[in-house]
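Please open the model in a viewer and keep the sequence alongside.

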Amino acid sequence: MLMQLARPQEEARVAIAGPLQLAVIIPTFNEAANVVPLLDKLSAALVGYHWEAIFVDDNSPDGTADLVREIGQKDTHVRVIHRIGRRGLSSAVVEGMLATSAPILAVVDGDLQHDETALPKMVSAIENDEADIAIGTRYAKGGSVGQWNKLRHRASQGATWLGQKILRVGLSDPMSGFMAIRRETLMAALPRLSGVGFKILLDIVASLPTPPRIAEVPYVFRSRLNGESKADSMIALEYISLLIDKTIGRFIPTRLVSFLAVGGLGVVVHLSVLGTMLALGASFMSGQFAAVATAIAFNFFLNNRFTYRDRRLKGWKMVQGLLTFYLVSAVGAIANIGIGNWVHQMDSQWWLAGIAGVVVGAVWNFAASSFVTWRK
Ligand code: GDD
Ligand code: MN
């Protein structure tokens with residue numbers, strides 16, 4: 001496979017001396033078939049620039065990293081950062097940007113969907129100090145999403161609208177992953193960067209202390225020829241977590257928000273099970289028991305999948321995790337009842353006592369499960 005893709009190279013792609021001007025960061029996961037065509041297209045588009053290519057590959061099973069290394073032996077302007085045991089488009093892009101000395105950083109998808117002929121315009125907007133970030137946009141005049149089905153189009157529009165409203169960024173295509181940025185601008189965003197999910201541009205713009213000057217360069221999104229897209233429902237959730245982190249995340253940890261949201265769904269599960277059991281003629285006591293047991297298991301699985309997706313328990317560890325989560329939740333329930341009673345003795349407002357119990361119980365469950373069930 002590798003032998004077929006790599007081809008002998010008599011001359012390096014970048015033959016210019018003088019200081020390094022530009023780095024093109026290319027995040028990849030299973031893009032082996034696209035590496036050589038992409039490098040050829042970039043070389044043609046960036047003639048006259050002294051640039052380097054940094055591939056950031058998350059240990060793709062198709063051997064993308066090996067292929068890039070093979071090319072890099074002859075062409076030292078092609079480098080790879082090979083990450084093991086990690087995934088994530090945004091974090092890959094940031095690592096690539098931090099691994100180069102170039103003053104201007106461009107990001108291009110590794111699947112040929114971004115039109116590299118827009119790059120010179122984007123880069124010169126920054127060189128000429130017209131902008132701090134130049135964005136390849138599909139939604140301005142002259143740009144388009146190309147061939148997309150209705151559903152994907154709608155989903156992208158919805159996410160774009162949400163990003164624009166919530167983060168109050170005036171970009172026509174905040175979801176774009178095609179951009180060029182001045183190094184100083186990246187540095188200014190780094191301290192507050194979330195680094196989660198797929199949307200690095202939105203993350204950078206929302207993390208900057210002052211609004212950047214933006215240039216938008218329209219392009220037509222190509223369809224994918226080789227390999228497949230990694231966008232899935234998990235990516236949508238990571239997008240929501242990015243929006244949370246960039247808004248209320250300054251005050252409450254995103255994990256806690258997720259844990260509480262799961263807890264809210266758990267209440268719904270609890271009531272449904274209880275209602276069903278009672279309708280089937282069970283006693284209140286046994287209905288409650290079944291409801292609590294089901295809701296806790298439900299919360300465990302959801303938290304394991306979403307809240308703690310980065311520490312997700314699998315196989316035998318998952319059984320252990322479920323048991324410790326039952327223990328933690330039992331202590332949480334006792335704390336809930338105890339605190340509730342205690343507040344109720346001091347203040348006769350029943351709802352205040354109830355809320356106090358719930359808050360203490362929830363915070364306990366969150367803190368204890370993060371140390372016991374999903375221990376790092
Ligand atoms: N290192 C790394 N790790 N790379 C990844 C990962 C990952 O976990 N997931 C995806 N990539 C790489 C892919 O290999 C590809 O080169 C690029 O990131 C984009 O991923 P796709 O799976 O092709 O996503 P897409 O086509 O839905 O969306 C992309 O293009 C949009 C249009 O500009 C993304 O870049 C979006 O952010 C962008 O808006
Ligand atoms: Mn793509």
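Which of the 28 residues around ligand 1 come nearest? Select ligand 1 and the residues with a heavy atom within 4 Å of it: Glu 31, Arg 87, His 114, Met 175 and Lys 230 come nearest. This is a predicted model, in which local features need pLDDT of at least 70 and side-chain atom pairs pLDDT 80 or more, whereas totals for chains, interfaces and linings use all residues. Residues are numbered from 1 along each chain as written, chains are lettered from A and ligands numbered from 1 in written order, and side-chain values use heavy atoms, without hydrogens and water.

Next, display the polar contacts of the ligand (pairs of N or O atoms within 3.5 Å). A side-chain N or O atom of Glu 31 is 2.5 Å from an oxygen atom of ligand 1. Gly 88 places a backbone N or O atom 2.9 Å from a ligand oxygen, and Tyr 219 has a polar side-chain atom 3.5 Å from one. The protein buries 98% of the 730 Å² that ligand 1 exposes when taken alone (Shrake-Rupley method, 1.4 Å probe).

Now colour β1 (22-28) and α4 (89-98), the elements that give two or more residues to this shell; helices are DSSP runs (H or I) of at least four residues, and strands (E) of at least two.

Finally, select helices α6 (residues 150-167) and α9 (residues 233-246), whose axes come within 10 Å and cross at roughly 10°. The two helices are therefore roughly parallel (angles under 35 degrees).

How values were computed: Polar contact = N/O pair within 3.5 Å; in protein donor to acceptor, adjacent residues only side chain to side chain. Axes fitted to C-alpha atoms, helices over the stretch in contact; angles between N-to-C directions. Parallel < 35°, antiparallel > 145°, perpendicular 65-115°, else oblique.
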